Amino acid sequence: MTSLAEPGMQYGHCRANDGCKLAFQTSLPIGGEAKADSRYGKCMLLLHGFSGSSQYFTRNFAVLSKNHWVVAPDMRGHGNSDRTRGGYHVARLAADLRGLVAYLRNSRPGAEKTNIVPVGCSIGAAVLWTYVELFGCDDFQGFVFVDQAPLQDRSPFDKWDASKAHLGCFDEASMQAAQQDWIHHSADAHRGLVLSCLGYRYAPEPKTDDLSEERRQRDEEFFTRISAQCDQTWLARLLADHTRYDHREAIEDITVPTLVIASRRTGCFPLEGMEETVRRVESRRPGLARMSIFDSGHWLFYEDPDRFNSEIVDFVNHCLT
């Protein structure tokens with residue numbers, strides 16, 4: 001089922017180097033309809049998480065696009081992008097992203113440079129770390145990584161244990177169990193994702209949270225509908241690649257300003273695991289990375305959009321000055 005663009009956005013499409021049609025939402029027109037606008041020079045690239053889509057950012061587009069060009073792709077296998085038989089690898093998603101970046105720069109009006117700061121949420125962060133490993137940092141002026149540790153599995157290398165790894169999918173057995181849930185009990189898997197990714201569901205605080213049934217039902221319907229659009233077996237195979245992929249050394253090659261955003265009430269990672277990204281960047285370039293901690297869940301851009309939007313705008317402006 002094709003999704004409509006969010007208010008103020010429009011859908012565009014490009015082709016990956018294997019022919020896969022990639023959809024993306026853009027706040028400014030591209031191609032023949034584009035007219036000169038200074039915002040084309042300042043691009044925020046919003047990357048959704050596993051089983052998500054660009055619709056995840058429904059509470060962010062309006063504010064972020066006031067003074068910037070906002071682009072949010074639907075990754076291969078997600079949203080309005082094509083479903084391919086293969087391609088369920090983080091490296092394939094990074095190659096798709098590189099093609100999109102080139103397409104955007106070639107499709108905007110004028111000859112001025114387009115400065116891009118990507119915001120990678122969950123697996124979107126993993127896609128960016130893989131991009132750095134394969135293609136370097138030259139295409140970007142900064143990075144934002146949202147609520148993702150550089151390795152989901154526990155590992156004997158560098159003492160990567162339960163204090164840093166994913167809370168629920170952290171070894172071969174737990175990953176295979178998750179795969180079976182996504183394939184054979186997908187509706188339950190979608191609801192489980194909501195439970196672990198919304199802070200007021202995972203770690204409710206009755207004195208301050210809105211715990212109404214209306215909110216609970218609205219949010220659950222929103223996220224489960226997006227997850228249900230994907231091929232569940234394809235997602236399960238992507239999950240295997242994502243869970244095993246170790247990005248720690250690649251992060252050390254980052255050469256541009258970096259903001260790590262994490263949350264206290266996420267059901268995905270301990271804070272210490274997400275702090276590792278800052279430590280790795282700063283191991284070679286002290287002062288280049290910092291961390292911001294939210295009191296919400298994994299989908300903090302949805303739960304706390306005002307703070308998220310403000311911090312993203314401030315950081316992007318910092319990167320572009």
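Tutor: Contact means heavy atoms within 4.5 Å. This is a predicted model: local features need pLDDT of at least 70, side-chain atom pairs count only at pLDDT 80 or more, and totals for chains, interfaces and linings use all residues. Residues are numbered from 1 along each chain as its sequence is written, and side-chain values use heavy atoms, leaving out hydrogens and water.

Student: How do α5 and α7 lie to each other?

Tutor: Their axes come within 9 Å and cross at roughly 130°. Axes are lines fitted to C-alpha atoms over the stretch in contact, with angles from 0 to 180 degrees between N-to-C directions. Under 35 degrees is roughly parallel, over 145 roughly antiparallel, 65 to 115 roughly perpendicular, and the rest oblique. So α5 and α7 are oblique.

Student: And α4: is it roughly antiparallel or roughly parallel to α8?

Tutor: Helix α4 (residues 172-184) and helix α8 (residues 232-244) have axes that come within 8 Å. These axes cross at roughly 160°. That makes the pair roughly antiparallel.

Student: Which residues of α4 make the contact with α8?

Tutor: On the α8 side, the contact is made by Q232, T233, L235, A236, R237, L239, A240, T243 and R244. By class, it has 8 nonpolar, 4 polar and 3 charged residues. From α4 come E172, M175, A178, Q179, W182 and I183.

Student: What is the angle at which α4 and helix α5 pack?

Tutor: Helix α5 spans residues 186-197. D181, W182 and H184 in α4 meet S186, A189, H190 and L193 in α5. This contact divides into 3 nonpolar, 3 polar and 1 charged. The axes are 5 Å apart, and the angle is about 120°.

Student: Which helix gives the largest share of the lining of the largest pocket?

Tutor: A pocket is an open set of points on a 1 Å grid where a 1.4 Å probe fits, with protein on both sides within 12 Å along at least five of seven lines; lining residues have an atom within 4 Å of a point. This one is lined by 25 residues, of which H166, C169, W182, L193 and S196 lie nearest its centre. α4, α5 and α8 each supply at least two. The largest share, 5 residues, comes from α5.

Student: How is that lining split by class, and what is the volume of the largest pocket?

Tutor: The lining has 13 nonpolar, 11 polar and 1 charged residues. Volume is the space filled by probe spheres set on the points, which are joined across faces, edges and corners. It is about 520 Å³.

Student: How much space lies in the largest cavity?

Tutor: In a cavity the probe fits but cannot get out. The count is 2 cavities of 30 Å³ or more. The lining of the largest has 10 nonpolar, no polar and 3 charged residues, and its space is about 120 Å³.

Methods: Helix = DSSP H or I, 4+ residues; strand = E, 2+ residues; numbered from the N terminus. Nonpolar A, V, L, I, M, F, W, Y, C, P; charged D, E, K, R; others polar.
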